[in-house]
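Subject: Structure for you to look at

Dear colleague,

Here is the structure I said I would pass on. My notes on what was found in it follow below.

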Amino acid sequence: MSNQLQLSPRTLNILLIEDNPGDVFLILEMLRLANTTQFNTTQVERLEKAITQLQQNEFDVILLDLNLPDSKGIETVISINEQAPYTPIVVLTVTNSQELGVETVREKAQDFLIKEQVSTAFLVRSIYYAIERKHSESEILLQKHHLEQRIAIQTQELNQLQQELQHIIYQRQNIEEELLYNASHDSLTNLQNRAWFLERLSHVLEIAKRDATYFFSILLIDINRFQVLNTSLGYPTGDQILREFANLLQTIIRSEDSVARCGGDEFAILVENSQSCGEGIRLAQRIQEGLKSPFKFDQQEVIISVSIGIVCDCNVYENGENILRDAHLAMKEAKESSQVDYAIFNQDMHSLTLKILELEQDLQQALKRQEFILYYQPIISLTSQNLVGFETLLRWQHTKKGFIPPGEFIPIAEETGLIVEIDDWVFRNACLQLKAWQENFPQARNIFLSVNLSARQLNNSSLTNKIQQILTETQVSGENIKLEITETTLMENAVKAVDILSELQQLNIKLSMDDFGTGYSSLSYLQKFPLNSLKIDRYFVNQMDNSQEDLEIVGTIIALAHTLEMEVIAEGIETAAQLDILQSLGCEYGQGYFLSYPLKVEDATAYFE
């Protein structure tokens with residue numbers, strides 16, 4: 001997508017200029033926890049050493065503490081920028097000063113971060129935005145340099161032609177105005193961009209400091225499942241959606257409000273001179289109302305939804321970055337909630353973020369401490385009532401905090417990339433357990449184990465080789481393994497998924513689409529995926545004996561699967577009535593609390609005794 005921040009596939013070289021050992025440790029730990037890319041960090045504690053490093057090596061970004069043993073304050077930024085004018089600088093300081101932040105930006109620093117407010121995700125995002133902004137700045141300077149060279153040559157050649165010279169000067173002015181416009185605007189939607197929005201926030205914060213009665217709020221808006229829309233409908237249509245949504249926002253906001261595209265599918269609105277939070281809430285409601293009508297592209301109708309984070313008491317903040325940070329927390333809260341489309345920031349959200357960071361650090365040690373446990377939920381044939389397999393389920397028994405639900409730690413593991421290592425552990429130990437059952441119980445040789453595959457794993461080009469290696473080491477046949485991939489995961493990169501699933505199929509592994517019915521898969525892709533089975537999401541199963549609509553959905557899914565020569569597994573069976581309905585619809589397999597709860601290994605073993 002246009003203007004969407006892309007993570008670099010290569011290692012980023014970082015120069016960390018910091019003399020405080022504690023801060024050095026925390027920053028290096030954050031970079032290590034990121035797991036979105038590799039960072040090669042060189043750390044020095046003095047300006048003199050930093051200049052030596054910059055003379056000898058090239059770096060992608062500089063993380064700079066303003067107060068060093070041999071340099072203090074803004075002079076540190078000036079010295080570093082003189083030595084490395086084309087390398088982005090991110091200032092890290094304990095001084096929470098708006099004036100100092102503005103001054104560092106004026107001296108070409110790309111970002112100004114307060115150390116105590118920095119989290120792993122926030123630091124990594126700042127690094128990438130700094131690189132992106134510096135790249136854009138360099139592009140503008142390069143274009144301007146080329147333009148000046150061109151004017152100089154033409155001026156020299158046509159020194160006697162004053163009229164043509166005036167035309168060239170006029171042309172130069174127009175181009176510079178265009179460059180200035182591009183520096184503050186998004187090229188796809190023609191809205192103001194993130195840099196402009198932050199500058200505007202700084203301006204209104206200054207107004208609020210001078211006038212205690214001045215009140216403003218912001219809305220941060222994210223289009224739900226936008227990556228899935230891109231994959232399913234194509235990137236050109238995705239660009240059209242962004243443009244149409246930008247146009248919609250401009251028709252909804254008041255004349256005194258401002259809207260900007262902050263990158264990707266995120267938009268921000270500044271609600272100025274409002275008397276209370278009510279104006280921001282009403283604006284959010286108008287946006288949701290405006291999205292009830294579908295967008296139309298080439299006789300195709302597309303309905304989108306958004307999640308909105310609102311920060312009301314903006315007057316108490318020191319800088320715009322912190323406002324956007326908290327708006328993002330509120331927006332995330334709205335996205336994760338099934339009850340609301342918008343959420344208003346409160347301090348509980350910030351506390352939750354700190355709790356998640358602590359959980360992220362604990363997660364790093366969970367494998368080493370052997371805190372993970374595998375449970376096995378039986379999968380039953382609905383015709384013979386016999387056991388046909390188990391779904392392998394991961395549980396975390398923290399040594400101090402006790403049982404931590406998968407819903408709390410799996411999203412963190414996926415975000416940080418730890419899910420890859422955890423998935424490997426789950427698959428290896430599941431295979432070892434299956435082999436133990438097969439050696440002790442002949443009847444276990446015909447069952448299969450279902451193991452969930454994360455989006456991170458599906459994007460790993462070495463996935464097939466890694467699975468094959470584990471199967472060889474544990475002496476388990478691929479015929480006894482079924483990999484479950486959620487519908488959303490498959491559709492995030494459908495083209496690549498087809499290739500990887502085909503490779504896995506060559507190992508005789510069975511493949512199942514999990515949570516079917518909750519995603520956005522098209523029939524054309526469903527036909528291309530080399531799947532053996534569909535797994536009906538528990539939501540439809542739980543509702544079908546009370547909802548005619550959900551009953552019809554379940555029947556349609558089963559009929560569709562059979563048409564595509566796939567088997568069907570229903571999860572979440574909790575009543576005898578649900579079981580009877582599934583049997584009457586021809587569903588082959590099922591699992592759920594009515595049949596059996598997830599079992600510890602010794603209880604699962606009892607099925608063979």
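I start with helix H16, which covers residues 463-474. Its 12 residues, at 1.5 Å each, should span 16 Å, and the end C-alpha atoms are 17 Å apart, which agrees. Please keep in mind throughout that this is a predicted model.

Which residues of H16 are buried? They are Leu463, Thr464, Lys466, Ile467, Ile470, Leu471 and Thr474. Looking down the helix axis, the buried residues of H16 fall within an arc of 165°, so they line one face of the helix. Asn465 and Thr472, on the other side of H16, are exposed. The cover over the buried residues includes H14, helix H15 (455-458), strand S18 (481-486) and helix H18 (494-505). Just after H16 comes Gln475, with a positive phi of about 60°.

The whole protein

The protein has 609 residues, and 50% of them count as buried. Its secondary structure comes to 23 helices and 22 strands. Along the principal axes, the C-alpha atoms fill a box of roughly 95 × 55 × 55 Å. Among contacts with a separation of 6 or more, 69% are between residues 24 or more positions apart.

Aromatic pairs

A pair of aromatic rings is described by the distance of the centres and the angle of the planes. There are 15 aromatic pairs in the structure. For Tyr376 and Trp437, the ring centres are 5.2 Å apart and the planes are at 70°, so this pair is edge-to-face; the cut-off for that class is over 60 degrees. The pair links distant parts of the chain, with Tyr376 in strand S14 (residues 372-381) and Trp437 in helix H14 (residues 418-440), 61 residues apart. Both Tyr376 and Trp437 are buried.

Phe390 and Tyr607 also form an edge-to-face pair, at 6.0 Å centre to centre with 90° between the planes. This pair, too, links distant parts of the chain: Phe390 sits in strand S15 (residues 387-398) and Tyr607 in the segment after helix H23 (601-605), 217 residues apart. Tyr607, with a relative accessible area of 36%, is partly exposed.

Both pairs belong to a cluster in which ring pairs link Tyr376, Phe390, Trp437, Phe441, Tyr607 and Phe608.

There are also charged side chains over ring faces to note. Arg395 lies over the face of Tyr375, at 6.0 Å from the ring centre. Lys482 lies over the face of Phe448, at 4.5 Å from the ring centre.

Helix H14 again

H14, which contains Trp437, also holds Glu421. Glu421 has a relative accessible area of 47%, so this residue is partly exposed. Between Glu421 and Leu367 there are 54 residues in sequence, and their C-alpha atoms are 8.8 Å apart in space.

Strands and sheets

Strands of a sheet pair through backbone hydrogen bonds, either parallel or antiparallel. Ile221 has Ile308, in S12, as its bridge partner.

Strand S20 (residues 533-536) pairs with S19 and with S21. Strand S19 (residues 510-516) runs parallel to S20 and is joined to it by three bridges, with Ser512 and Ser533 as bridge partners. Strand S21 (residues 567-570) also runs parallel to S20, through four bridges, and here Leu534 is partnered with Val568. Which way do the residues of S20 point? Ser533 and Lys535 point one way and Leu534 and Ile536 the other way, and all are buried.

Regards

Terms used: Residues numbered from 1 in each chain as written. Predicted model: local features only at pLDDT ≥ 70, side-chain atom pairs only at ≥ 80, totals over all residues. Heavy atoms only, no water. Phe/Tyr/Trp six-rings, centres within 6.5 Å; stacked < 30°, edge-to-face > 60°. Helix = DSSP H or I, 4+ residues; strand = E, 2+ residues; numbered from the N terminus. Buried < 20%, exposed > 50% of the residue type's maximum accessible area, 1.4 Å probe, protein only. Lys NZ or Arg CZ within 6 Å of the ring centre and 35° of its normal. Expected span 1.5 Å × (residues − 1). Arc of directions from axis to C-beta. Contact = heavy atoms within 4.5 Å. Pairing = 2+ DSSP bridges.
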